[in-house]
Amino acid sequence: MARLVITTEGFGNRVLELALGVNRVGREDDCEIRLDHATISAWHCELTLSDDGVYVCDHHSTNGTFVNGQRILEAWLEPGQVLKIGGVELLVESTAAHISLPKIAREIPRPPVVLPDGALLCPRHPAARATFKCPACREIMCNRCVRMIRIYGGKPLLLCCTCHQPCRRIGDEKPRDKKGFLVFLQETVRQKFGGRPRDEGKK
């Protein structure tokens, strides 16, 4: 994170680490950075930390805000500059905003156990049978794993616990009846020439 070091005597080289967003500087207790000094106003200035760096904005202070000796109303800060808030000087060490995202460890489920009757056990709940399968990621799961969303005035939406896509109950998909090419050809010829199947006229 961005760092500023107070070099004025009496502060013991105090280091200020800015949080993302607006950091109010002043003597008031509700300021994010409280500096108890006679030359600093109750709400003296703001230090805003973003991806672009640190931006300082004076808040109508009595004794002013300075960057390298020049009084400013607003300015971008650079490393190595001296920021003076009233009579307190700060050395700008860094203006970078380092954002670290926590690593989320995803537990990899074990392969499912196949029972003698062909049914599968849920990889997350070994005592439960797998009742649902996700067409998107091919994940199998039991009733406890399925995420349910209740839709007002409609049927509940069942979602995969891994990819959050709609899942289906195992066994709901029935294979289509596929006719062989010869059967298809015979039916086509009969329809074209007005023929009937062999046993159609027998009673």
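Over the ring of which residue does the charged end of Arg24 sit? The ring is that of Trp43, with the charged end of Arg24 5.7 Å from its centre. The views below show this and other details of a predicted model.

**View 1. Charges over rings, and aromatic pairing.** Arg24 places its charged end over Trp43. Lys84 does likewise over the ring of Phe66, 6.0 Å from the ring centre. A search for aromatic pairs across the whole structure returns 1.

**View 2. The largest nonpolar core.** This core holds 25 residues. Those touching the most other members are Leu4, Leu18, Leu47, Val56, Leu77, Leu83 and Leu90. Two or more residues each come from β1 (3–6), β5 (45–50), β6 (53–58), β9 (74–77), β10 (82–85) and β11.

**View 3. Surroundings of Leu47.** Residues up to four places away in sequence are not counted here. Leu47 touches Leu18, Gly21, Val22, Asn23, Val25 and Ile33, among others. Its contacts also include Val54, Tyr55, Val56, Leu77 and Leu83.

**View 4. Strand β9 and its partner β6.** β6 and β9 pair in the antiparallel sense, over 4 bridges. Cys57 has Glu74, in β9, as its bridge partner. Side chains alternate along β9. Ala75 and Leu77 point to one face and are buried.

**View 5. Thr95 in its loop.** Thr95 sits in the loop between β11 (88–94) and β12 (132–133). Is Thr95 buried or exposed? Thr95 counts as buried, because its relative accessibility is 13%, under the 20% cut-off. Leaving aside neighbours within four places in sequence, Thr95 contacts Ala2, Leu49, Gly53 and Val54, among others. Leu77, Glu78 and Pro79 are also in contact with Thr95.

View 6. The whole structure contains 0 disulfides by search. For Cys142, the nearest cysteine sulfur is that of Cys122, 3.7 Å away. A disulfide needs sulfur atoms within 2.5 Å, so Cys142 is in none. Cys142 is buried, at 2% relative accessible area. Cys163 is also in no disulfide. The nearest cysteine sulfur to Cys163 belongs to Cys134, at 3.5 Å. Cys163 counts as partly exposed, with 25% relative accessibility.

Technical notes: Residues numbered from 1 in each chain as written. Predicted model: local features only at pLDDT ≥ 70, side-chain atom pairs only at ≥ 80, totals over all residues. Heavy atoms only, no water. Buried < 20%, exposed > 50% of the residue type's maximum accessible area, 1.4 Å probe, protein only. Contact = heavy atoms within 4.5 Å. Core = buried A, V, L, I, M, F, W, Y, C linked by side-chain atoms within 4.5 Å. Phe/Tyr/Trp six-rings, centres within 6.5 Å; stacked < 30°, edge-to-face > 60°. Lys NZ or Arg CZ within 6 Å of the ring centre and 35° of its normal. Pairing = 2+ DSSP bridges.
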